[in-house]
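This report describes the fold of a single chain, with attention to its sheet and the helices packed on it.

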Amino acid sequence: MCLGALASSKKSSFLYCKICKMKFPVFSGIPFFQTGLSKRAAEEAKRWNKMNIEEEYDTNDEISPYLMRIYKPMIEYSLQCNEILEIGCGSGRLLQEICKRNKDAFVTGIDISTNMLKVAQKKGFSSLVLTPAENLPFRDASFNLIVSGYYTFRYLQRPRVYRHAYRVLQKDG
């Protein structure tokens with residue numbers, strides 16, 4: 001992926017790169033950049049997409065005390081930031097907590113599960129992207145904070161994720 005500027009196609013539900021002309025489909029308002037998934041991540045995406053998420057997951061938006069201890073430093077740090085990316089945003093619970101406290105933040109969530117992103121979309125999040133963390137489709141220095149839940153990194157190719165995260169993180173991020 002060349003990271004050129006994207007444009008939308010008026011005749012179809014695609015985004016396309018103005019430089020390399022590569023096309024990316026858009027499903028239910030969510031751009032699909034799912035290229036380069038590792039075998040383990042592909043299996044994880046398949047498992048999550050088989051579930052009936054709306055019925056089985058995230059019926060309660062409250063974050064457990066255990067997770068809140070993990071999320072609290074990220075939420076507090078987010079108060080200083082305005083461009084925030086969550087890797088593995090799932091249903092958007094962490095993004096929701098960040099937005100409750102930081103009304104000025106522009107948040108973007110990525111996940112490999114279409115179903116999870118649809119749940120986040122129903123909560124009002126519009127900047128959601130279906131993509132693996134190993135191939136972040138954002139320009140360099142796009143965010144001043146990147147957050148992620150504790151579960152996300154268990155199936156990722158960490159060196160690639162860190163390389164891409166560093167690339168899209170602003171200098172003082």
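The text below covers the chain as a whole, then the sheet, then the helices that contact the sheet.

The model is predicted. The chain has 173 residues, and 45% of them are buried. Its accessible surface amounts to about 9700 Å², with carbon and sulfur atoms contributing 52%. Among contacts with a separation of 6 or more, 60% join residues 24 or more positions apart.

Six helices and eight strands make up the secondary structure. Read from the N terminus, the order of elements is β-β-β-β-α-α-α-β-α-β-α-β-β-α.

An open sheet is formed by four strands, arranged β7-β6-β5-β8 with parallel pairing. Its edges are β7 and β8, each of which pairs on one side only. From one strand to the next, the twist averages 20 degrees. Within this sheet, β5 and β6 are joined in the parallel sense by five bridges.

| Strand | Residues |
|---|---|
| β5 | residues 83-87 |
| β6 | residues 106-111 |
| β7 | residues 128-130 |
| β8 | residues 145-148 |

Helix α3, residues 65-78, lies across β5 and β8, and its direction is at about 160 degrees to β8. Helix α4, residues 93-101, packs on the sheet and touches β5, β6 and β8. The direction of α4 makes about 175 degrees with that of β6.

Terms used:
Residues numbered from 1 in each chain as written. Predicted model: local features only at pLDDT ≥ 70, side-chain atom pairs only at ≥ 80, totals over all residues. Heavy atoms only, no water. Helix = DSSP H or I, 4+ residues; strand = E, 2+ residues; numbered from the N terminus. Buried < 20%, exposed > 50% of the residue type's maximum accessible area, 1.4 Å probe, protein only. Contact = heavy atoms within 4.5 Å. Areas by Shrake-Rupley, 256 points an atom, 1.4 Å probe, with all protein chains shown as cover. Pairing = 2+ DSSP bridges. Axes fitted to C-alpha atoms, helices over the stretch in contact; angles between N-to-C directions.
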